[in-house]
Structure formats: structure tokens, C-alpha cells
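Please keep the coordinates open while reading.

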Amino acid sequence: MHNDLNTQMTYMGYQAAGHFDEGRCFLDFNWNLLPRYRQFAREFFGTPGANVPGVMSLNGDPLTGWGQYSLSPTMAAWIGHIFYLHWRYTADAQFLTTRAYPWCREIGQSLLALLQPDDQGVLKLPLSSSPEIHDNSLRAWLAPNSNYDLFSLKMLFLALSEMADASGAAAEAAQWSQAAAALGDWHVSPAGALMLDAKEELQTSHRHLSNLMGLYPFNLVTVDGGERDRRIIDASLAQWDRLGTSAWCGYSFSWMSALRARAGDAESAARHLEIFVRAFILRNGFHANGDQTRSGLSNFTYRPFTLEGNLLAAAAVHEMLLQSWSPTPGRRDTELLRIFPATPWRWHDATFENLRAEGGHRVSAKRENNATTWFRIVAGRDGVVRIRDNFGGRTPQWSRGDVTAVDGRFEIALKKGEALEAALQKLDKIPPAPASP
């Protein structure tokens with residue numbers, strides 16, 4: 001089991017699809033290994049709580065591998081993100097209090113024990129890396145904290161704050177929020193791009209998008225985060241474009257597709273997904289890491305099969321059709337529904353039924369002539385449902401009269417199981433293609 005992306009990204013496609021029983025298998029697997037993870041934290045890191053080997057057996061025993069990643073403590077935080085997302089997409093309060101928060105809290109305890117303040121009071125790990133930069137060389141040890149570690153730690157601590165608040169543990173929520181703040185800011189180059197650490201920029205093409213974790217799968221640097229976030233996104237993606245795909249694997253393309261969709265770049269999301277399907281899928285449907293067309297898309301042309309490439313492709317399609325991440329992670333119940341947020345121009349007509357959203361909501365929608373013409377939301381919990389107004393100036397005709405417009409979004413208070421529908425005028429014709437479709 002490789003926990004530096006393979007396991008986690010295999011389980012990024014099930015939430016929006018509503019395959020919660022299948023996803024729960026992975027979470028139950030990790031829950032049952034908690035005693036072994038506690039032993040690993042105690043014996044290897046010398047900390048309380050629990051931690052997960054980056055490379056491990058089915059029994060949770062640490063296995064050999066490049067030490068910078070096979071023994072990195074923050075891989076556990078990334079697994080914790082799957083626990084957190086399962087709660088967010090199911091709105092299952094019992095799962096929160098009996099599984100998600102207890103498991104993630106033990107991981108947080110181990111990581112918090114490893115962190116020590118520097119002379120500026122910023123919490124730092126004793127060692128840091130960024131999968132799988134510089135492979136197995138001494139250069140792979142980066143200046144703590146790498147952006148990868150920083151994103152992983154901050155996302156976990158913010159999720160813990162949110163889960164503690166929802167569990168009624170206000171004091172613990174405040175402690176986790178303070179820990180997240182004490183990690184400091186991301187490392188950004190003078191050009192505005194995310195760096196590997198405080199000293200080093202990404203200089204070459206690379207398969208693992210580890211310095212971009214804050215964009216996806218996390219929601220720490222977002223298009224809703226203000227002008228600074230948008231500059232970071234633009235500069236970072238421009239840098240990755242310049243460096244090219246020569247050292248990418250198949251999963252790099254499906255990961256980048258999901259990430260571009262999260263950033264609102266529909267055409268690039270579709271292009272990366274199409275390359276993945278054309279060049280990195282075998283006849284039986286399996287993802288192969290190497291370029292099977294040998295057309296220069298990657299210098300890797302071998303055939304190892306790893307499952308996460310396939311499931312990331314599914315996640316990328318979901319991101320094109322529906323997004324529901326919160327623009328303010330760490331604050332509970334602040335999800336925002338975005339319908340057809342990154343749907344490429346060539347998908348003139350599209351329909352989806354009962355995709356799941358954070359908050360436990362079920363969403364169905366229809367798109368005609370490149371614009372949303374209908375959608376339905378069934379609330380997954382009691383509370384406010386928020387919908388981004390990305391309808392191009394067209395006014396929705398609501399099935400209820402208590403919808404309000406607030407700062408670029410629509411809001412309505414719904415009880416669990418209540419439905420809201422809206423219809424919008426169909427465009428007379430398909431709009432012109434974008435400059436670079």
C-alpha cells in the first residue's frame with residue numbers, strides 16, 4: 001500500500017458518485033489498523049496518537065522504500081482527508097463522532113507532537129520532503145516545511161477544527177484552529193508560483209503534483225480565495241505548463257484534469273483528460289503509467305498498472321459537472337454548490353442525476369447550448385443551501401419563493417429531504433468557441 005498518492009487518489013472519485021459503501025471499505029480498513037498505527041507513532045516517531053507508514057503492508061507494518069516518502073509522517077494527514085470528505089459528503093453525524101473525528105484527531109496528535117516552533121514561532125517538522133521530488137537522493141530532503149507538508153498539515157488541522165466544532169468540542173476546535181494558523185503561509189516565488197519549500201522552485205517536469213496540493217485535492221488556494229490566490233494559481237499552472245509533461249505518468253494527466261477543473265479552466269481540464277484516455281489506458285480499461293502511444297507525451301512508455309489514474313479521471317469528470325467545496329475551510333457547513341463550473345465548450349449538452357455534494361445534498365442538472373437550463377437540489381441536512389450564480393445573467397425560475405440573492409450566490413434554508421428546483425431560459429444558439437478549445 002503506497003500512501004503518497006496511490007491509495008488516497010483511488011478514493012477521490014467515490015464521494016460525488018455516492019458510492020459511500022465502497023469508499024467506506026478503505027476507511028474501515030484504516031480504522032481497524034488504528035492500534036498498529038498507534039504502535040508505529042510510538043515506536044518510530046516517539047509521539048502519542050497514531051501515524052501511518054507511507055509504504056506499508058496490509059497489516060499496517062512499515063515497508064521499505066525511499067525513506068523520504070515511505071516514512072513521511074504527513075501521508076497520514078492525506079488519508080485523514082478522505083475521512084473528512086466522507087463525513088462532508090454524507091452529513092453522517094454518527095460517522096463524524098465515531099470514526100472521522102476520532103481517527104483524524106489521533107493523527108493530528110502525532111503530527112502536533114512532531115512540530116516545534118522556530119524562532120519566529122512558526123511550527124516546523126524536523127524533516128520535510130515533497131513526493132517524489134529528487135527521487136531517493138539527499139536533495140529530496142527539503143527545508144521544513146515543504147509546501148506539500150504545509151498543505152497537508154494545514155488541511156488536516158482545519159478539518160479537525162471543523163469536525164471538533166460539529167462534535168460539540170468547542171475548546172478542541174479552537175486548539176486545532178490555532179495550530180493551523182501557527183503553520184504560517186505558503187512558499188511563493190517572486191513570480192507568484194508555489195515553490196517546493198522556502199528555498200527551491202520546481203525546475204523540471206515532474207509526475208507528482210505535490211507542490212500544488214493546496215489547489216487539489218485540498219481547497220486551500222482557490223479561485224474564490226481573492227486576488228492573491230488567483231495570482232498564485234495562474235503563476236503556478238503557467239510554470240507547470242512551461243516545464244512540460246516529459247516526466248509525467250498517466251495519473252499526472254488525470255490529476256491535472258481534476259485540478260484544472262477545480263481552478264475553473266474547463267478546456268485544459270478536458271484536454272488533459274482526453275490525453276489520459278487516449279495514451280494511458282490499456283484495452284482492458286486499466287491505467288498504465290507510461291505513454292502507450294509513444295508520441296512524446298511522456299518519456300515513460302512502460303506499462304505498470306496503478307488504479308488511482310482511473311479513479312482520478314472519474315473525479316475529474318465530477319469536478320467538471322459539480323463542485324461543492326467550501327471557500328472557507330475550517331468553518332463548518334460553508335459549502336457552496338457550483339453547477340457546471342468547468343464544463344468544456346464541446347460539451348454543448350449534458351445531464352447528470354443525483355451527484356452528491358458536501359452537506360449530503362443530491363444534485364441533478366441539465367445543460368443545453370452550453371448553459372444550465374434546469375437543476376434540482378435535495379437537501380442532505382437541515383440548514384442553508386448556497387448556490388453559485390454562474391448563470392450568465394439569466395434569472396432562475398425557482399420552485400419556491402424564499403430564495404435570496406447574496407453576493408454572487410443564491411441561498412435558501414431547507415430541511416433534510418426538501419427539494420428546490422430551478423429552470424433557466426435556454427440560449428438561442430451555441431456561443432462561439434473559446435480561443436483555444
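Helices (H or I, at least four residues) and strands (E, at least two) are taken here as DSSP runs, numbered from the N terminus. The model is a predicted one, in which local features need pLDDT of at least 70 and side-chain atom pairs count only at pLDDT 80 or more, whereas totals for chains, interfaces and linings use all residues. Residues are numbered from 1 along each chain as its sequence is written, and side-chain values use heavy atoms, with hydrogens and water left out.

Two cis peptide bonds can be inspected next: one runs from Pro 144 to Asn 145, with omega near -10°, and Asn 145 lies in the loop between β2 (123–124) and α8. The other joins Tyr 216 and Pro 217 with an omega of about 20°, and Pro 217 belongs to the loop between α9 and α10 (227–243).

Helix α8 (residues 147–166) packs against helix α9 (residues 170–181) at an angle of about 165°, and their axes are 8 Å apart. That angle makes α8 roughly antiparallel to α9, given that angles under 35 degrees count as roughly parallel, over 145 as roughly antiparallel, 65 to 115 as roughly perpendicular and the rest as oblique. The crossing of α8 and α9 is left-handed, a term that applies if the near helix is turned anticlockwise from the far one by less than a right angle, with right-handed used if clockwise. Contact here means heavy atoms within 4.5 Å, and on the α8 side it involves Lys 154, Phe 157, Leu 158, Leu 160, Ser 161, Ala 164 and Asp 165, while α9 contributes Glu 172, Ala 173, Trp 176, Ser 177, Ala 179 and Ala 180. The residues of this contact between α8 and α9 divide into eight nonpolar, two polar and three charged, where Ala, Val, Leu, Ile, Met, Phe, Trp, Tyr, Cys and Pro count as nonpolar, Asp, Glu, Lys and Arg as charged, and the others, Gly among them, as polar.

The crossing of α11 and α13 is left-handed. In α11, Tyr 251, Ser 254, Trp 255, Ser 257, Ala 258, Ala 261 and Arg 262 meet Glu 308, Gly 309, Leu 312, Ala 313, Ala 316, Glu 319 and Met 320 of α13, and the contact of α11 with α13 comprises eight nonpolar, three polar and three charged residues.

On a 1 Å grid over the protein atoms alone, a cavity is a set of points where a 1.4 Å probe fits but cannot get out, a pocket is an open set with protein on both sides within 12 Å along at least five of seven lines, and lining residues have an atom within 4 Å of a point. Grid points are joined across faces, edges and corners, and a volume is the space filled by probe spheres set on the points.

By this rule there are three cavities of 30 Å³ or more. The largest cavity holds about 240 Å³ of space, and among its 23 lining residues Met 12, Tyr 89, Arg 262, Glu 319 and Glu 358 lie nearest its centre. At least two lining residues each come from α2 (14–17), α6 (75–90), α13 and β3 (322–323), with α6 giving the most, at four residues.

Among the pockets, the largest contains about 400 Å³ of space and is lined by 20 residues, of which His 2, Asp 4, Asn 6, Glu 132 and Arg 207 lie nearest its centre. The second largest pocket contains about 280 Å³, and α11 (250–262), β4 (338–339) and β7 (371–378) each supply at least two residues of its lining.

Note on methods: Axes fitted to C-alpha atoms, helices over the stretch in contact; angles between N-to-C directions.
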